[in-house]
Amino acid sequence: MSDHTLKIRWPKSLCHYTDTWADPVIKYGIAPETLEGPNTVGHRFEVSQQLPWPDHLSASRKAAEAGMLAAQQETQWLIRQLTARVKEAYAYWWYTNEAINLHHETRALVEQLATVTEQRLDYGIGSQSEMLRVKTELDTLDARLVELQAEKAGLASDLIPLLGRRPTGASLQLTEASETLLFADGQLEPDHPLIRAAEAREAEARARLDVAEVDRRPTFTANAGYNSLWADERKRWVVGIGVRIPLSGQRQHSAVRKATAEASQKRWLATQDQREWRASIAKLRASVEAGHGRLNILNERHLPNQRAHWEASLNELASGTGRLEDAINSARQLTGVKLRRAGVIRDLYSASAGYEALIPVRTINALN
């Protein structure tokens with residue numbers, strides 16, 4: 001089975017930033033037997049709170065929202081890919097089942113040849129070698145049936161990881177893919193989970209860069225506390241503010257450079273994902289169009305002609321003007337044409353499934 005769909009980059013982690021304040025720090029100390037009087041235990045209590053910059057909160061919120069949006073869109077893209085893979089696997093399983101059905105049809109045709117050959121032998125115009133040749137062909141078909149059934153069982157097992165169960169062959173049907181889903185390049189809009197996810201990852205990287213830029217500024221902390229070790233009660237309450245100033249700034253500069261590189265990388269990946277998305281759509285659209293063309297030729301010309309050839313070969317053999325080997329080859333060719341038709345339907349269905357996975361959201365809504 002081929003895989004025409006694009007591969008996504010699953011996020012290593014979700015949101016690294018939030019738009020909430022940092023947790024306050026609470027400190028408590030106890031000093032027993034340090035005071036005079038009835039209460040000899042001293043206490044020290046302090047609460048500190050880091051004060052964020054307003055644009056730091058805004059950038060953190062944007063990064064969190066973009067990361068969540070990217071994860072949601074990537075999940076939608078994974079669902080689309082999984083749906084396409086299930087359809088493709090089902091198409092191959094249907095094809096194997098169709099090959100078994102066509103095998104039975106071929107055996108029925110060869111059995112007709114056996115009947116005609118036996119009648120010719122009874123009339124004295126046939127030969128024993130011809131009868132043995134037909135029986136050998138029937139034995140070959142029976143051996144091929146065992147192989148086809150093994151292939152079908154193997155494909156059914158391949159569907160278990162996708163479906164969570166072994167598929168049943170109660171009603172195997174595969175409709176021909178419609179051409180109504182095909183649209184021109186001018187109708188392409190970048191409204192697809194893959195593109196949305198890439199754009200959200202780019203927005204998240206830009207927001208992280210903004211956060212890194214803000215982190216280069218000094219950090220302010222508000223403090224409030226109470227210290228009972230002071231004998232004067234008026235001096236026990238303390239309120240203040242602290243400032244943390246980056247001395248060298250090396251750590252902050254490194255974080256900014258890293259965030260800048262990540263933003264540039266995400267921007268390039270978003271552009272590349274959109275180009276690959278358009279290329280995959282064009283490739284699968286061409287495959288679907290070619291499949292419809294081949295299917296029309298098989299339905300309108302090739303299959304009717306081969307049916308007529310088989311009927312003529314059977315009639316010629318019955319009348320004594322034809323050869324048994326020619327009739328056997330005609331039966332094989334008729335089955336081969338039908339099997340090629342089933343293969344075209346299989347490939348067309350698989351390509352259409354991959355094409356549907358790449359269709360923009362607005363196009364799907366318009367078609368529905």
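**Exercise 1. Asp 191 and its partner**

Classify Asp 191 in this predicted model as buried or exposed, and state which side chain meets that of Asp 191 in a salt bridge.

Solution. 
Step 1. The relative accessibility of Asp 191 is 4%. Buried means under 20%, so Asp 191 counts as buried.
Step 2. The side chain of Asp 191 meets that of Arg 196 in a salt bridge, with an N to O distance of 2.3 Å.
Step 3. Arg 196 has 31% relative accessibility and therefore counts as partly exposed.
Step 4. The structure holds 18 salt bridges.

**Exercise 2. Salt bridges of Arg 144**

Find which residues form salt bridges with Arg 144, and describe how Arg 144 and Glu 147 are placed in their helix.

Solution. 
Step 1. One partner of Arg 144 is Glu 147, and the closest N and O atoms of this pair are 2.8 Å apart.
Step 2. Another is Glu 151, where the closest N and O atoms are 3.8 Å apart. The cut-off for a salt bridge is 4 Å.
Step 3. Both Arg 144 and Glu 147 belong to helix H2, and they are three residues apart, about one turn of the helix. An α-helix has 3.6 residues a turn, so residues three or four places apart point the same way.
Step 4. For accessibility, Arg 144 has 34% and counts as partly exposed. Glu 147, with a relative accessible area of 44%, is partly exposed, and Glu 151 counts as partly exposed at 40%.

**Exercise 3. Span and buried residues of H2**

Compare the span of helix H2 with the expected value, and list which of its residues are buried.

Solution. 
Step 1. H2 covers residues 128-158 and has 31 residues.
Step 2. At 1.5 Å a residue, the expected span is 45 Å.
Step 3. The distance from the first C-alpha to the last is 46 Å, close to that expectation.
Step 4. The buried residues of H2 are Met 131, Val 134, Glu 137, Leu 138, Leu 141, Leu 145, Leu 148, Leu 155 and Ala 156.

**Exercise 4. The nonpolar cores**

Identify which residues touch the most other members of the largest nonpolar core, and which helices supply at least two residues each.

Solution. 
Step 1. The largest nonpolar core has 41 residues, and those touching the most other members are Leu 113, Trp 277, Trp 310, Leu 317, Leu 324 and Leu 358.
Step 2. At least two residues of this core come from each of helix H1 (54-122), H2, helix H4 (193-214), helix H5 (250-319) and helix H6 (324-358).
Step 3. H6 gives the largest share of this core, 15 residues.
Step 4. Take Leu 113 as an example. Not counting residues up to four places away in sequence, Leu 113 touches Val 134, Trp 310, Leu 314, Leu 317, Leu 324, Ala 327 and Ile 328.
Step 5. Another core, of five residues, lies apart from this one; among them are Ala 89, Trp 93, Leu 155 and Ala 156.

**Exercise 5. Contacts of Arg 307**

Locate Arg 307 and determine which residues are in contact with Arg 307, leaving aside neighbours within four places in sequence.

Solution. 
Step 1. Arg 307 is in helix H5.
Step 2. Its relative accessibility is 38%, so Arg 307 counts as partly exposed.
Step 3. With those neighbours left aside, Arg 307 is in contact with Leu 334 and Lys 338.
Step 4. Arg 307 and Leu 334 are 27 residues apart in sequence, while their C-alpha atoms are 6.4 Å apart.
Step 5. Across the chain, 81% of the contacts with a separation of 6 or more are between residues 24 or more positions apart.

**Exercise 6. A surface patch and the chain totals**

Solution. 
Step 1. Strand E1 (residues 25-31) contributes its largest share, three residues.
Step 2. Tyr 28 lies in strand E1 and counts as exposed at 52% relative accessibility.
Step 3. The accessible surface of the chain is about 21,500 Å², with 53% belonging to carbon and sulfur atoms. Of the 368 residues, 36% count as buried.

Terms used:
Residues numbered from 1 in each chain as written. Predicted model: local features only at pLDDT ≥ 70, side-chain atom pairs only at ≥ 80, totals over all residues. Heavy atoms only, no water. Helix = DSSP H or I, 4+ residues; strand = E, 2+ residues; numbered from the N terminus. Buried < 20%, exposed > 50% of the residue type's maximum accessible area, 1.4 Å probe, protein only. Expected span 1.5 Å × (residues − 1). Contact = heavy atoms within 4.5 Å. Areas by Shrake-Rupley, 256 points an atom, 1.4 Å probe, with all protein chains shown as cover. Core = buried A, V, L, I, M, F, W, Y, C linked by side-chain atoms within 4.5 Å.
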